[in-house]
Amino acid sequence: MQYDVIVIGGSYAGMAATLQLVRARRSVLVIDAGERRNRQASHAHGFLGQDGVDPGVIAATARRQLENYPTLSWLDARAADVSGQLDGFTVTTADGRSHQGRRILLAMGVTDQLPPVAGLAERWGKAVFHCPYCHGYELGQGRIGIIGASPMSVHQAELLTDWGDVTLFVNEAIALGGDARSALQRRGVTVDETPIDRIEGHADVALADGRVLRFAGLFTATRTAPSGSLAEAIGCVLEETPMGMQVRTDAESKTSVPGIFACGDAARAPHSVSLAVGSGAMAGAQVHRSLVWPESVHPVQGEARA
């Protein structure tokens, strides 16, 4: 069977796109490896109508609703390869099975590269976060620590002062010039130059000089990249952003490869559940339009990353 669209990634963006397509009575295969980016978090916030709901419940409810549409097929598997061209793509899964589709929608999300601080990864999504709009309010205006990771950490520290008393740990990861220090001072941010030894307890920062500072929560600016290598392998142009690499798309969610679209965190920044759903809904509509008016399918410009 040849599907109208194969969606790679069944999290929020992928499902939002799929909803538009199955409601247009198009045949869709969703291939999902079951690795939602926020799978460690117990509550989702900032998502209208779902504030405070377990993100796993949101995802499960969305999937059940999609499964009411007869043109949906869902495969719990990992996409290993994409080949072919417009109107004739083949997606091969890790178990060796092949699936054919006229269009491909990449919604595989991103992976987060965390700073190499002992104890940080174990608390990711529980006491260590990246988005203040998603997790800042629940900290109750308590003390907030920023684990330095990139120049984005300065921006993060300035922003988070609306949610609590902020300390930025440079941790030998960023260089603070005079302008940055002045901006942090104006926002009331405390700057601590002592290297971090580890994170312990709930969100306690143990420093190399023996001090242990307690916080309501910690934030860090991770570096992100599209999960897996499918986009790059088939020739989609990637681009650098302040948050990391993403798939280059245009306003219609098209990539540099005709017939391949991308949405969600892998193609848009900044990142949140709300923004992923919006990106997916728009992408689904654009993919449908490309099936109705195939002459509109043209790639974005740009050279592949070296």
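## Basis

Two strands pair if DSSP finds at least two bridges between them. Helices (H or I, at least four residues) and strands (E, at least two) are DSSP runs, numbered from the N terminus. This is a predicted model, in which local features need pLDDT of at least 70 and side-chain atom pairs count only at pLDDT 80 or more, while totals for chains, interfaces and linings use all residues. Residues are numbered from 1 along each chain as its sequence is written, and side-chain values use heavy atoms, with hydrogens and water left out.

## Five-stranded sheet

An open sheet with parallel pairing is built from five strands in the order E8-E15-E9-E10-E11. Strand E10 (residues 165-169) runs parallel to E11 and is joined to it by three bridges; Phe-169 has Asp-192 in E11 as its bridge partner.

Helix H4 (residues 152-160) packs on this sheet and touches strand E9 (143-147), E10 and strand E15 (217-220), where contact means heavy atoms within 4.5 Å. The direction of H4 makes about 170° with that of E9 (axes are lines fitted to C-alpha atoms, for helices over the stretch in contact, and angles run from 0 to 180 degrees between N-to-C directions).

## Three-stranded sheet

A second open sheet has the order E12-E13-E14 and antiparallel pairing. Strands E12 (196-200) and E14 (212-214) each have a single partner strand, so one side of each lacks a neighbour in the sheet. Four bridges join E12 to strand E13 (residues 204-207), and Ile-196 stands opposite Leu-207 in E13.
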